[in-house]
Amino acid sequence: MAIRPKLYLENSVISMYDSDDDPCKRGLTRLFWQDVLPHFDVYISGFVIDGIEATDEPDVKRKLENLVRGFKVLEITEDILKLSDIYSSYRRLPRMDARHIAVASLGDMDYLVTWNLRHLYKRGTQEMMCEINTRLKIPIPTIVTPENFFEEEVM
């Protein structure tokens, strides 16, 4: 039996599924959900669950909960919190962004999928993570957007 690649979804991808803010990204996200996710083992974390739980609108919250139902949930550990502090100290990343990178790294993910173009999907962030993870001898996930799976051969 072939091993399926592991993919970690952070909140921006999940919330884009029904967002009216960017119809193009919403369409790509829905296509990604339909055509790409079935080929991966999909993971989220307690941080993602916390973000969904913090949603004020009951209908939106219910939709988000349904979207992630069935995904594996990675536990938040002290090691994840420590690693995220290291990332933040090197690159001034917002705390939650650093935590998502730490979860994907210590969770041994192949990909961290995000629509966060401001902090996560940046060459400097990927380079910083590679440098730190190489030094600490931990896995290095590739940070991608859903769109990357349609532009080039990622899978």
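What follows treats the sheet, then a helix pair, then the pocket.

The model is predicted, so that local features need pLDDT of at least 70 and side-chain atom pairs count only at pLDDT 80 or more, while totals for chains, interfaces and linings use all residues. Residues are numbered from 1 along each chain as its sequence is written, and side-chain values use heavy atoms, with hydrogens and water left out.

**Sheet**

Five strands form an open sheet in the order E3-E2-E1-E4-E5, with parallel pairing; strands here are DSSP runs of E with at least two residues, helices are runs of H or I with at least four, and both are numbered from the N terminus, while two strands pair if DSSP finds at least two bridges between them. Strands E3 (72–74) and E5 (142–144) are the edges, each pairing on one side only. Direction ignored, neighbouring strands of this sheet are turned by 30 degrees against each other on average.

Strand E1 (residues 6–9) pairs in the parallel sense with E4 (residues 111–113) over three bridges, and three bridges also join E1 to E2 (residues 41–45), again running parallel. Partners of individual residues are listed below.

| Residue | Partner | Strand of partner |
|---|---|---|
| Leu 7 | Val 42 | E2 |

**Helix pair**

Helices H5 (residues 78–91) and H6 (residues 95–106) pack with their axes 8 Å apart, at an angle of about 125 degrees. Axes are lines fitted to C-alpha atoms, for helices over the stretch in contact, and angles run from 0 to 180 degrees between N-to-C directions. H5 is therefore oblique to H6, since angles under 35 degrees count as roughly parallel, over 145 as roughly antiparallel, 65 to 115 as roughly perpendicular and the rest as oblique.

**Pocket**

The largest pocket has a volume of about 200 Å³. A pocket is an open set of points on a 1 Å grid where a 1.4 Å probe fits, with protein on both sides within 12 Å along at least five of seven lines, and lining residues have an atom within 4 Å of a point; the volume is the space filled by probe spheres set on the points. Helices H1 (11–16) and H4 (58–68) each supply at least two residues of the lining, and H4 gives the largest share, four residues. Among the lining residues are Ile 14, Tyr 17, Asp 21, Lys 63 and Leu 67.
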